[in-house]
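This report concerns the disulfide and salt bridges of one protein model. The sequence and structure are shown below.

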Amino acid sequence: MIFVGKVVGSTINGGVNIVVERYWKGALKRQAFVYTAQDSSCAVGLADGEKYLVFAFAYADDVGALNTNQCLRTGRVRDRGTYIRLLGKGKRVKSK
């Protein structure tokens, strides 16, 4: 999955809630819970209120759980302009 969203709330059980604004790959709802590889050399800290470009995946045995890390190039939108330009416009998530 590839999307841009804003972190809402603090880290919970090694992950964060993200309100998805637009996406390029994957079927996403308006809000996603994403685990952030806390015990890894690729751990990424996602701060409340910040917007991120998120590259995420789901393990086959996880039901709907998304995972991301720094090694996938997840990072703040302001630092990922090149990637966003290469991805293009993306699709807006519909409000429900």
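## Disulfide

A disulfide is a pair of cysteine sulfur atoms within 2.5 Å. By this rule the model, which is predicted, contains one disulfide. C42 and C71 form it, with their sulfur atoms 1.7 Å apart. The pair links distant parts of the chain, 29 residues apart: C42 is in the loop between β3 (31-35) and β4 (51-55), and C71 in the loop between β5 (66-67) and β6 (75-76). Strands here are DSSP runs (E, at least two residues), and helices are runs of H or I of at least four, numbered from the N terminus.

The link of C42 and C71 is left-handed, with -75° about the S-S bond. C42 is buried at 15% relative accessibility, whereas C71 is partly exposed at 46%. Buried means under 20% relative accessible area, exposed over 50%, and partly exposed in between (1.4 Å probe, protein chains only).

## Salt bridges

The whole structure holds three salt bridges, each a side-chain nitrogen of Lys or Arg within 4 Å of a carboxyl oxygen of Asp or Glu. K51 and E21 meet at 3.4 Å, N to O. K51 lies in strand β4 and E21 in strand β2 (residues 15-25), so this pair ties together parts 30 residues apart in sequence.

R76 pairs with E50, the closest N and O atoms being 3.4 Å apart. E50 also meets R78 (3.7 Å, N to O). Shared partners join E50, R76 and R78 into one network. R78 is exposed at 61%, while E50 is partly exposed at 23%.

## Basis

Residues are numbered from 1 along each chain as its sequence is written, and side-chain values use heavy atoms, leaving out hydrogens and water. Local features need pLDDT of at least 70 and side-chain atom pairs count only at pLDDT 80 or more, whereas totals for chains, interfaces and linings use all residues.
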